[in-house]
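Here's a quick tour for anyone meeting this structure for the first time. Have a look at the sequence and the model, then read on.

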Amino acid sequence: LKLLRSLFMKGLEALVVETQLAAATLDQNENLPLALSDLSEVDINAFLAEMLRTHPKHAARRHVEIVAASDLMEKAGMRPIMADAASSLFARTASFGAGPDETPDHAINWLLKTTQPDCEERHEQSPGHLDH
């Protein structure tokens, strides 16, 4: 569990660093906090659940958006790392077509079955797996 938390926190840190560097490069340091200000009012658990729930259905559109962000960074002379990683993840999900937009559990189960079929078997064998 500690390593899963590290995966999330270190990934988030890397995304924050890359976003802030992009903002500085594009002379948007002052505007970035305003663009992100709505996040201070977010229920983090509900927000994360919504991201997960909507990911399978909206991955194709989100892929287009993240590619545009990567292109913007490259044109500004930056090498996107986190943006390219996000692009790869969205592209992989989108390659399987639009998935469900029902619950986080449905999203996880669909992702396990479609994007990582070898994980589905391990997932079904583990205690506490999501089966609703």
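## The overall pattern

In total that comes to 6 helices and 0 strands. Keep in mind that you're looking at a predicted model.

Buried residues account for 22% of the protein's 132 residues. As for contacts between residues at least 6 apart in sequence, 58% of them join residues at least 24 apart.

## Helix α1

Helix α1 covers residues 2-25, which is 24 residues. From its first C-alpha to its last it reaches 34 Å, close to the 34 Å expected at 1.5 Å a residue. After α1 comes Asp27, with a positive phi near 55 degrees.

Which residues of α1 are buried? They are Glu18, Ala22 and Ala23. The buried residues of α1 pack against α2 (32-36), α3 and α4.

## How α3 meets α4

Two packed helices are described by the angle between their axes and the distance between the axes. For α3 (residues 44-75) and α4 (residues 82-94), the angle is about 150 degrees and the axes are 8 Å apart. Angles over 145 degrees count as roughly antiparallel, so that is how α3 runs relative to α4. The crossing of α3 past α4 is left-handed.

Who's touching whom? On the α3 side, the contact includes His55, Pro56, Ala59, Ile66, Val67 and Met73. On the α4 side, residues taking part include Ala83, Ala86, Leu89, Phe90 and Ala94. Sorted by class, the contact of α3 with α4 has 12 nonpolar, 5 polar and 3 charged residues.

## How α3 meets α5

Helix α3 also packs with helix α5 (residues 104-114), and here the angle is about 50 degrees, with the axes 8 Å apart. What does that make the two helices? α3 and α5 are therefore oblique to each other. Once again there's a left-handed crossing, this time of α3 past α5.

From α3, the contact uses Ala49, Leu52, Arg53, His55 and Pro56. From α5, it uses Pro104, Ala107, Ile108, Trp110 and Leu111. By class, the contact of α3 with α5 splits into 8 nonpolar residues, 1 polar and 1 charged. His55 and Pro56 of α3 turn up in the contact with α4 and in the one with α5.

Key:
Residues are numbered from 1 along each chain as its sequence is written. This is a predicted model: local features need pLDDT of at least 70, side-chain atom pairs count only at pLDDT 80 or more; totals for chains, interfaces and linings use all residues. Side-chain values use heavy atoms; hydrogens and water are left out. Axes are lines fitted to C-alpha atoms, for helices over the stretch in contact, and angles run from 0 to 180 degrees between N-to-C directions. Helices (H or I, at least four residues) and strands (E, at least two) are DSSP runs, numbered from the N terminus. Angles under 35 degrees count as roughly parallel, over 145 as roughly antiparallel, 65 to 115 as roughly perpendicular and the rest as oblique. A crossing is left-handed if the near helix is turned anticlockwise from the far one by less than a right angle, and right-handed if clockwise. Contact means heavy atoms within 4.5 Å. Ala, Val, Leu, Ile, Met, Phe, Trp, Tyr, Cys and Pro count as nonpolar, Asp, Glu, Lys and Arg as charged, and the others, Gly among them, as polar. The expected span of a helix is 1.5 Å times one less than its number of residues. Buried means under 20% relative accessible area, exposed over 50%, partly exposed in between (1.4 Å probe, protein chains only).
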